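User: I am new to this structure and would like to learn how to read it. Please take the features one at a time.

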Amino acid sequence: MTASAVEPFRVVFVCTGNICRSPMAEVVFREFADASGLGPRVASTSAGTGDWHVGERADQRTIDALDRAGYDGTKHRARQFTHDDFAHSDLVIALDRSHERILRGWARSEADADKIALLMTFDQSAHTLDVPDPYYAGPGMFDEVLGMIESASRALFRQLEPAIRPSP
């Protein structure tokens, strides 16, 4: 899995409704790519396992938490993960183990299944494999979840960066 001069490395982040956790991860990962100068070599998207919020903006508390941390989440529109996402992605990142189970059930081949990983497995300091769903909590939980996503996304980006960076 390496990025070519033509095709960017494609990562899709997946949560339940694509309005809280996965949009955060998409925006944060994109920022890491842009800040490193590798933005054109990375495509960061997100999707939900469910279709409840398709076409909607991210939850306002998600947008607010991102804004407080210096990110822009206003352009996001929710969509549902489809089988085509396996074909159009190099890496499919689940935000918790329930998403991972669903994605593995949707994988049509071993190659699809091999693309699936849990976000928190990239963060050596994480105390859990699941990014908690902040949907039924207050703004403080959105900030906490964003912190978890930033830490794990930073570790993920560091791991992928050598494969994404062009050869000298």
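User: Is Cys-15 buried or exposed?

Analyst: Some ground rules come before the answer. This is a predicted model, in which local features need pLDDT of at least 70 and side-chain atom pairs count only at pLDDT 80 or more, while totals for chains, interfaces and linings use all residues. Residues are numbered from 1 along each chain as its sequence is written, and side-chain values use heavy atoms, with hydrogens and water left out. Buried means under 20% relative accessible area, exposed over 50%, and partly exposed in between (1.4 Å probe, protein chains only). Cys-15 has 3% relative accessibility, so it counts as buried. Cys-20, at 4%, is buried as well.

User: How many disulfides are there?

Analyst: A disulfide is a pair of cysteine sulfur atoms within 2.5 Å. Searching the whole structure gives 0 disulfides. For Cys-15, the nearest cysteine sulfur is that of Cys-20, 6.6 Å away. Seen from Cys-20, the closest cysteine sulfur is in Cys-15, and 6.6 Å is too far for a bond.

User: What is the length of helix H1?

Analyst: Helices (H or I, at least four residues) and strands (E, at least two) are DSSP runs, numbered from the N terminus. The expected span of a helix is 1.5 Å times one less than its number of residues. H1 covers residues 21-35, 15 residues in total, and its first and last C-alpha are 21 Å apart, close to the expected 21 Å. Just after H1, Gly-37 has a positive phi of about 85°.

User: How many residues of H1 are buried, and what covers them?

Analyst: Of its 15 residues, 11 are buried, so H1 is largely enclosed by the rest of the structure. Among them are Met-24, Val-28 and Phe-32. The cover includes strands E1 (9-15) and E2 (42-48), along with helices H2 (60-68), H4 (97-106) and H6.

User: How do H1 and H6 cross?

Analyst: Two packed helices are described by the angle between their axes and the distance between the axes. Axes are lines fitted to C-alpha atoms, for helices over the stretch in contact, and angles run from 0 to 180 degrees between N-to-C directions. The H1 and H6 axes come within 9 Å and cross at roughly 45°. Contact means heavy atoms within 4.5 Å. Residues making this contact include Phe-29 of H1 and Leu-146 of H6.
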